[in-house]
Amino acid sequence: HPMLQESRVIFNPPDLTKTQVLTRLVDVLSDSGAVAKKNIKHVFKAVVDRERLCSTAIMDGVAIPHPRSSMEKYVNEPTLVLAISKRGIHFESEDGKPNNLFFLICANTIDIHLKVMARLSRLLRSPKFRHELIISETFEKVREVFMEWEKKI
């Protein structure tokens, strides 16, 4: 998956607060070169503002934080950051359970954002797909899981 890069996958971040998770995800955008350091605070604010509307934690241990508007001023290409927490982190999900998978989507157009969301949603419907991601220990395994499941949808 071209949007998925090794520098943008975090394995087992320490137990964090919701704000710390968001900070870590957004920092990866900067550290991996997807967003210039000077623009990180704008992207972080956009992600936090969206969370304040209602939590992006959906059911089944998945959260998909994202800015509400296009980030065309800040990112040149659609970017996906993934954090995998085996233990789970509380992220105000509807079911009150901790979240294991966090996908930060930062797209340069609304159209691309919606396409990425739709594709991810289809994959994430499968409990087996979610489980295989959660137990992945390496980037190679994560990529393999995505490639295998993309063929099925």
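Predicted model: local features only at pLDDT ≥ 70, side-chain atom pairs only at ≥ 80, totals over all residues.
## Model and confidence

Residues are numbered from 1 along each chain as its sequence is written. Local features need pLDDT of at least 70, side-chain atom pairs count only at pLDDT 80 or more, and totals for chains, interfaces and linings use all residues, while side-chain values use heavy atoms, with hydrogens and water left out.

The chain has a mean pLDDT (the predictor's confidence in each residue, from 0 to 100) of 91. In all, 99% of its residues reach 70 or more. Confidence is lowest in strand 2, at a mean of 88. It is highest in helix 4 (residues 127-134), at 97. Helices (H or I, at least four residues) and strands (E, at least two) are DSSP runs, numbered from the N terminus.

## The sheet

Two strands pair if DSSP finds at least two bridges between them.

Strand 1 and strand 4 (residues 79-89) run parallel, joined by 3 bridges. Here Phe 11 stands opposite Ile 84 in strand 4.

## Helix 3 against helix 5

Helix 3 (residues 110-124) packs against helix 5 (residues 139-150) at an angle of about 90°. Their axes are 11 Å apart. Axes are lines fitted to C-alpha atoms, for helices over the stretch in contact, and angles run from 0 to 180 degrees between N-to-C directions. The two helices are therefore roughly perpendicular to each other (65 to 115 degrees; under 35 is roughly parallel, over 145 roughly antiparallel, the rest oblique).

Helix 3 brings Arg 119, Leu 120 and Leu 123 to the contact (heavy atoms within 4.5 Å), and helix 5 brings Phe 146, Trp 149 and Glu 150. These residues divide into 4 nonpolar, no polar and 2 charged. Ala, Val, Leu, Ile, Met, Phe, Trp, Tyr, Cys and Pro count as nonpolar, Asp, Glu, Lys and Arg as charged, and the others, Gly among them, as polar.

## Three loop residues

Asn 108 sits in the loop between strand 5 (99-106) and helix 3. Asn 108 is buried, at 14% relative accessibility. Buried means under 20% relative accessible area, exposed over 50%, partly exposed in between (1.4 Å probe, protein chains only). Beyond its neighbours within four places in sequence, Asn 108 is in contact with residues including Ser 70, Met 71 and Pro 78.

Asn 12 lies in the loop between strand 1 and helix 1 (18-31). Its phi is positive, about 45°, although Asn 12 is not a glycine. Asn 12 is partly exposed, at 39%.

Glu 92 belongs to the loop between strand 4 and strand 5. Glu 92 also has a positive phi, near 60°. At 58% relative accessibility, Glu 92 is exposed.
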